[in-house]
Amino acid sequence: MSATPAPETPATAPRGTRTGRPRVTSREQIVAAARRLIDEDGWEKLSMRRLAAELGIGATTLYHHIEGKDDLLVLLLNHYVEQIERPALPEAPRERVVAAAAAMHDALAAWPWAAEILTADGFVGLLDESALWMVEAVLAAAQDHGCTPDRSVEVFRHLWYYTVGEILVRAHSPHRRTDRTPAAFRAAFDADRVPHLAAVAPRWAGLCARDTYPEGLRTFVDGLLGPAGG
């Protein structure tokens, strides 16, 4: 009767076998884990080491899938934008610019950390084409309105600065607290030195809490585009 084979030791176990969590097999798993960490602690605290621990793998293994944190953040942004449902855009160029910019604003408002990552002018060169439909929509509409290609880029950049600025200010403002209470604000100012500010001081916090982005956006677009064909 032959002897029973000895059990495999870790040194002779088939390559690739592991216990615990399953191996990472796709970038989708990495994206899902990274989003969990960002939702819990913010993107600033996201690191490759923390992500590897969340996935139950070694950091070296993770680097086989992702080059580094910058690569990871771009991957996250591409994935996020691709999931956004595209609204039906109006035929009129001016209204199309407004609708595309509003869609961009809504997307960033839902995930404000993305606005912080995308503050660099060169972000357009990082994202996939499928994630750049809002940029394309603004450029196309501006040119259909009569803008030159160069001017259409300027239109987009102005709208981008306005949109990102509004998102970041609101994301970092105290009145964005979960209890929805207004931010603390001085109740009175020296009317002799700043009479107009003193007059509105009691209403300042409430006025600043209003969502004025749609009104400002339309005014901004009208000023940027000017008359049709201009």
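Arg170 lies in helix α8 (residues 149–172) of this predicted model, helices being DSSP runs (H or I) of at least four residues, numbered from the N terminus. Arg170 is buried, with a relative accessible area of 14%; buried denotes under 20% relative accessible area with a 1.4 Å probe, protein chains only. Its side chain makes a polar contact with the side chain of Glu166 at 2.7 Å, where a polar contact is a pair of N or O atoms within 3.5 Å, one able to donate a hydrogen and the other to accept it. In the predicted model, local features need pLDDT of at least 70, side-chain atom pairs count only at pLDDT 80 or more, and totals for chains, interfaces and linings use all residues. Residues are numbered from 1 along each chain as its sequence is written, and side-chain values use heavy atoms, without hydrogens and water.

Helix α8 is also among the elements that cover the buried residues of α5, together with α4, α6 (112–117), α7 (133–145) and α11 (213–225). These buried residues of α5 include Arg96, Met104, His105 and Leu108.

The axes of α1 (residues 27–41) and α4 (residues 69–83), lines fitted to C-alpha atoms over the stretch in contact, come within 10 Å and cross at roughly 95 degrees. The two helices are therefore roughly perpendicular, a class covering 65 to 115 degrees. Contact (heavy atoms within 4.5 Å) involves, among others, Ile30 and Ile38 of α1 and Leu72 and Tyr80 of α4.

Notes:
Axes are lines fitted to C-alpha atoms, for helices over the stretch in contact, and angles run from 0 to 180 degrees between N-to-C directions. Angles under 35 degrees count as roughly parallel, over 145 as roughly antiparallel, 65 to 115 as roughly perpendicular and the rest as oblique. Buried means under 20% relative accessible area, exposed over 50%, partly exposed in between (1.4 Å probe, protein chains only).
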